[in-house]
Amino acid sequence: MSVGARTVTVSYFSDVLCIWAYAAQLKLDQLRRQFGGQVRVEYRFLSVFGDVPGRLRATWDGRGGAAAYGRHVRETAARFDHIEVHPDIWTRAVPPSSASCHLFLKAVQALEEAGEISAAPHSEWQGRTVFEETLWRCRLAFFRDLANIAQRSVQEAIAAGLNLPVAAIWAQIDSGTAYAALCADFAARTEHLLEGSPTFMLQEGRQKLYGDVAYPIIEANVQELLRESGARASRCGV
C-alpha cells in the first residue's frame with residue numbers, strides 16, 4: 001500500500017431522531033474538509049427511537065413527559081450555533097418510530113452502492129454526497145421543520161427535492177434489500193456493544209467514541225490511525 005492510498009474507515013452509527021447526532025453533522029463535515037479521501041465514513045443506523053412512545057414513557061414519565069423532553073431538546077440545541085430546532089419539537093407531528101426513515105435511508109444508500117445514484121461529493125452541499133445530503137435533510141425536516149419523517153409522503157418529498165428515483169427507492173425496500181442492510185446495522189451494534197447515538201467507531205470496533213465527543217478527539221484518533229497505516233505500509237516483507 002502506498003502512502004497516497006492510506007485511508008481510515010469511520011463507521012458512524014446514529015438514530016435520525018437523535019439531537020446529538022443532528023449536532024454532530026458539523027464534525028462529519030469537518031472530517032471531510034480536513035482529511036478528504038483519507039477518511040471514508042460508513043453510515044449505519046441504530047435504534048434509539050425505534051419505539052418513540054415507549055421510550056418517552058420509560059425515560060420521561062414523571063418528569064413532564066413529551067413536553068419536558070421537547071424542552072430538553074431545545075435547551076440542548078441552544079448550545080450549538082449551527083443547528084435549528086422548532087419550538088414545538090416533540091409535542092406536535094411526533095414520529096412514532098425512526099425505523100421507517102432508517103429503512104428509506106438504507107434504500108438510498110443501496111442505490112449509491114449499486115452505482116444507480118452518484119457517490120460524488122457536491123460543493124453546493126459542503127462536499128456531501130447525495131446520500132449524505134438525504135440523511136441531513138431528513139434531520140432538518142424533523143428538527144427544524146417539524147415534519148413527521150416516519151411518513152412515506154415526507155420521505156418522498158425529500159427524495160423529490162434531490163431528484164432521487166423514488167420508484168427505485170421503494171423497489172429496494174420491497175425487495176428486502178434495505179431491510180437486510182438495516183438488520184445488519186442493528187446486528188453490528190450488538191456485536192460491538194455500542195451504547196447509543198451517535199457513535200464514531202474505528203478499527204472495526206476496537207475504538208469507539210460515543211456521544212458528544214469533541215472534534216479534536218476524533219481528529220487525533222484518525223491522525224494516529226493514518227500514521228500507523230503509513231508505518232505498516234513502509235515495512236518490507238510484512
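Helix 2 covers residues 52-60, and its buried residues are Val52, Gly54, Leu56 and Trp60. Keep in mind that this is a predicted model. The buried residues of helix 2 pack against helix 3, which is residues 65-77. At the start of helix 2, Asp51 has a side-chain oxygen within 3.0 Å of the backbone nitrogen of Gly54. After helix 2 comes Gly62, and its phi is positive, near 85°.

Next, the helix pairs. Two packed helices are described by the angle between their axes and the distance between the axes. I'll go through two pairs in those terms.

The crossing of helix 1 with helix 5 is left-handed. On the helix 1 side, the residues that meet helix 5 are Ile19, Ala21, Tyr22, Gln25 and Arg32. On the helix 5 side, they are Glu132, Trp136, Arg139, Leu140 and Phe143. Sorted by class, this contact has 6 nonpolar, 1 polar and 3 charged residues.

The second pair is helix 6, residues 152-161, and helix 7, residues 166-174. These two pack at an angle of about 130°, with their axes 10 Å apart. Helix 6 and helix 7 are therefore oblique to each other. Their crossing is right-handed. Helix 6 brings Arg152, Gln155, Glu156 and Ala159 to the contact, and helix 7 brings Val166, Ile169 and Trp170. By class, the contact of helix 6 with helix 7 has 4 nonpolar, 1 polar and 2 charged residues.

You will find it in strand 2, residues 39-45. Is Arg44 buried or exposed? Its relative accessible area is 16%, and buried means under 20%, so Arg44 is buried. What surrounds Arg44, once we leave aside its neighbours within four places in sequence? Arg44 is in contact with Tyr12, Phe13 and Ser14, with Lys106, and with Ala184, Asp185 and Ala188. Two of these names come up again for the side chain of Arg44. It makes a polar contact with the side chain of Asp185, at 2.7 Å. A polar atom of the Arg44 side chain also lies 3.4 Å from the backbone oxygen of Ala184. As for distance along the chain, Arg44 and Phe104 are 60 residues apart in sequence, and their C-alpha atoms are 13 Å apart in space.

On to the loop between helix 4, residues 99-113, and helix 5, where Gln126 is placed. Gln126 is not a glycine, yet its phi is positive, about 60°. With 47% relative accessibility, Gln126 counts as partly exposed. Ser123 is also in the loop between helix 4 and helix 5. Ser123 counts as exposed, because its relative accessibility is 70% and the cut-off for exposed is over 50%. Where is Ser123 relative to Thr199? The two are 76 residues apart along the chain, and their C-alpha atoms are separated by 26 Å.

Pro198 is in the loop between helix 8, residues 177-192, and strand 3, residues 199-202. The peptide bond joining Ser197 and Pro198 is cis, with omega about -5°. Gln203 is another residue other than glycine with a positive phi, here near 50°. At 26% relative accessibility, Gln203 counts as partly exposed.

Gln207 lies in strand 4 itself. How does Gln207 count at 19% relative accessibility? It counts as buried, the limit being under 20%. Leaving aside neighbours within four places in sequence, Gln207 is in contact with Phe200, Met201 and Leu202, and also with Asn221 and Leu225.

Arg44 is buried, and its side chain makes a polar contact with that of Asp185. A cis peptide bond joins Ser197 and Pro198.

Terms used
Residues are numbered from 1 along each chain as its sequence is written. This is a predicted model: local features need pLDDT of at least 70, side-chain atom pairs count only at pLDDT 80 or more; totals for chains, interfaces and linings use all residues. Side-chain values use heavy atoms; hydrogens and water are left out. A crossing is left-handed if the near helix is turned anticlockwise from the far one by less than a right angle, and right-handed if clockwise. Helices (H or I, at least four residues) and strands (E, at least two) are DSSP runs, numbered from the N terminus. Contact means heavy atoms within 4.5 Å. Ala, Val, Leu, Ile, Met, Phe, Trp, Tyr, Cys and Pro count as nonpolar, Asp, Glu, Lys and Arg as charged, and the others, Gly among them, as polar. Buried means under 20% relative accessible area, exposed over 50%, partly exposed in between (1.4 Å probe, protein chains only). A polar contact is a pair of N or O atoms within 3.5 Å; within protein, one must be able to donate a hydrogen and the other to accept it, and residues adjacent in sequence count only if both atoms are side-chain atoms. Axes are lines fitted to C-alpha atoms, for helices over the stretch in contact, and angles run from 0 to 180 degrees between N-to-C directions. Angles under 35 degrees count as roughly parallel, over 145 as roughly antiparallel, 65 to 115 as roughly perpendicular and the rest as oblique.
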